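Biologist: I would like to learn how to read a structure like this one. Could you walk me through it, one feature at a time?

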Amino acid sequence: MFVPLLASSELKEGERTVVHAEGRDLALARVHGVVYAIDNVCPHRNGELGRGDLQGYHLYCPLHAWSFDLRDGKAFFPQGAKVECFEVKEEDGRIFARRKPQG
Ligand code: FES
């Protein structure tokens, strides 16, 4: 089920932020007009990915610079690391996300 996160106007092009939804924190970013959502918690030592630098489709952890692709949650560095990636939609001026079906 999609849950509402924030208003579309609160996340402008090239911005990233952290939102709390369904008992967890998500890192959100808008790249080329599209909003992406991944787990906010870095699997290295729990850095907040949504507080890190956004470069292209990559969010860099603010603690030790592991970087994650917003499109699939996979790390560019180090290879093999991964965070959960969420399905996002924008509707009626709001941003929603839900867990992707497993499989
Ligand atoms: S906590 Fe994210 S890279 Fe170390």
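Biologist: What percentage of the 103 residues in the protein do buried residues make up?

Modeller: Some ground rules come before the answer. This is a predicted model, where local features need pLDDT of at least 70 and side-chain atom pairs count only at pLDDT 80 or more, while totals for chains, interfaces and linings use all residues. Residues are numbered from 1 along each chain as its sequence is written, and side-chain values use heavy atoms, with hydrogens and water left out. Buried means under 20% relative accessible area, exposed over 50%, and partly exposed in between, with a 1.4 Å probe and protein chains only. Here, buried residues make up 42% of the 103.

Biologist: Which residues have the most contacts inside the largest nonpolar core?

Modeller: In soluble globular proteins, nonpolar side chains tend to be buried together. A nonpolar core is a set of buried Ala, Val, Leu, Ile, Met, Phe, Trp, Tyr and Cys residues joined through side-chain atoms within 4.5 Å. The largest one has 16 residues, and Ile 38, Cys 42, Leu 49, Leu 59, Phe 68 and Leu 70 have the most contacts inside it. Strands β3 (24-31) and β4 (34-39) each supply at least two residues of this core, and β3 gives the most, with three. Apart from it lies another core, of 13 residues, among them Ala 21, Leu 28, Phe 86 and Ile 95.

Biologist: What does Leu 70 touch?

Modeller: Contact means heavy atoms within 4.5 Å. Not counting residues up to four places away in sequence, Leu 70 touches Ala 29, Val 31, Tyr 36, Ile 38, Leu 54, Tyr 57, Leu 59 and Cys 85.

Biologist: Is Ser 67 buried or exposed?

Modeller: Ser 67 counts as buried because its relative accessibility is 1%. Ser 67 is found in strand β7 (residues 67-69). Among the residues that Ser 67 touches, leaving out those up to four places away in sequence, are His 58, Leu 59 and Phe 76.

Note on methods
Helix = DSSP H or I, 4+ residues; strand = E, 2+ residues; numbered from the N terminus.
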